[in-house]
Amino acid sequence: MTAVVTTGVGGYDRLVLSRVPIPEPGEGEVLVRVLAAGMNNTEINTRLGWYSSSVTAGTNDASEDAVGDASTRPDGGWNAATPFPLIQGADCCGRIAAVGRGGDESALGARVLVRACMRTKGFSSWDTTWLGSDLDGAFAQFVVVPAHEVFPVDCDWSDAELATIPCAYGTAENMVRRAGVTTGARVLVTGASGGVGSAVVQLAKRRGAHVVGMAGDAKRDQVRALGADEVVGRDDPRDVLGADSVDVVVDNVAGPGFPAVLDLLRRGGTYVSSGAIGGPLVALDMRTLYLKDLTLIGCTAWDEEVFPDLVSYIERGEIRPLLARVFPLEQIAAAQREFLEKTHVGKFALIPPDPAP
């Protein structure tokens with residue numbers, strides 16, 4: 001089959017279009033023919049070794065460094081070392097092409113989404129395995145995954161639209177759920193035009209929240225069209241909203257703007273994050289934390305209800321995809337370059353070639 005193999009930490013030359021054997025599903029597994037694969041910051045971050053504690057820049061700045069000292073980042077993956085060479089790709093929309101020994105053959109041909117965050121030791125453990133980071137993912141014509149991680153979806157969305165969902169919307173729903181967003185809550189969403197941020201806007205509105213999105217001037221109308229009640233710029237939001245003005249901050253930007261968004265929280269408010277594209281090191285005044293009785297929540301492992309709930313939202317028409325652009329799989333380097341320009345709203349998707357008959 002055709003696949004993009006990431007050979008190690010480094011630049012775009014590490015993305016190698018290759019011919020590799022089609023994987024065979026074992027007991028308890030299924031072979032999925034990939035129809036479309038979404039693209040995320042995490043694939044770029046993993047290739048750059050950005051998750052290493054030695055990296056202190058934001059994701060865009062780290063990419064511009066041409067990762068010259070990449071060899072010093074052995075801990076640059078989600079769970080310590082990334083098992084290179086690796087087929088990346090956390091987002092998979094596909095059809096079940098084969099089942100392992102003893103599997104349910106009635107599932108053959110079903111269009112499915114693959115849950116990207118797998119709790120392989122059960123939901124009582126925090127241990128996670130991520131598609132495309134810890135095991136081969138969807139930047140290929142076929143992928144093997146555990147049978148219990150595929151979810152049939154009955155909707156009229158295109159394959160590329162469905163491929164925008166798993167990583168971004170799973171991450172967003174997990175944060176919104178953990179933060180306890182309910183009707184009437186005032187929620188600030190940083191990076192509201194990005195893949196995760198735009199999902200948070202929709203999912204918080206679905207729960208009845210009053211949503212304030214932060215976005216650049218060129219993207220404000222699009223964020224408002226997603227359902228945001230207010231949209232503010234990327235300058236200091238305290239100048240517009242005032243201190244103590246929101247109940248929840250959902251922030252995947254972090255960086256220099258972290259102190260300001262914490263000041264926006266009312267006493268007893270909640271800050272939740274699953275990323276730091278603006279920079280992983282932040283200034284925290286501990287007095288703000290304890291004098292305001294704030295709760296800070298980090299989110300990586302998805303709760304059990306998150307993914308089945310997302311599928312139900314899709315099937316009931318309660319959310320919609322934000323597909324910015326589609327590329328053929330072989331143009332992955334061009335897609336990642338354009339992705340890092342951050343001129344789009346939503347997600348990119350990659351389409352692998354049809355397998356030979």
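**Reading strand β11 and the cores**

Me: In this predicted model, which residues lie on each side of β11, and are they buried or exposed?

Reply: In a regular strand, side chains alternate between the two faces of the sheet. In β11, Arg 186 and Leu 188 lie on one side, Val 187 and Val 189 on the other, and all are buried. Both faces of the strand are therefore covered, with buried meaning under 20% relative accessible area.

Me: Which strands are joined to β11 by bridges?

Reply: Strand β12, residues 210-214, runs parallel to β11 and is joined to it by four bridges. Strand β14 is also parallel to β11, with three bridges.

Me: Through which helix does the chain cross from β11 to β12, and what is the hand of the crossover?

Reply: The path goes through α5, and this β-α-β crossover is right-handed.

Me: Which members of the largest nonpolar core touch the most other members?

Reply: That core has 54 residues, and the members in question are Leu 203, Leu 310, Ile 314 and Ile 319. Elements that each supply at least two residues include β11, α5, β14 and α10 (306-315). Domain 1 (2-164 + 321-351) and domain 2 (169-298) each contribute at least three residues.

Me: What is Leu 310 in contact with, beyond its neighbours within four places in sequence?

Reply: Its contacts are Ile 165, Tyr 169, Gly 170, Glu 173, Leu 203 and Ile 319.

Me: How many residues are in the second core?

Reply: This separate core has 37 residues, among them Met 39, Val 145, Leu 329 and Ala 335.

Conventions: Residues numbered from 1 in each chain as written. Predicted model: local features only at pLDDT ≥ 70, side-chain atom pairs only at ≥ 80, totals over all residues. Heavy atoms only, no water. Core = buried A, V, L, I, M, F, W, Y, C linked by side-chain atoms within 4.5 Å. Buried < 20%, exposed > 50% of the residue type's maximum accessible area, 1.4 Å probe, protein only. Domains from an automatic or database assignment. Contact = heavy atoms within 4.5 Å. Pairing = 2+ DSSP bridges. Right-handed = clockwise from strand over helix to strand, strands pointing away.
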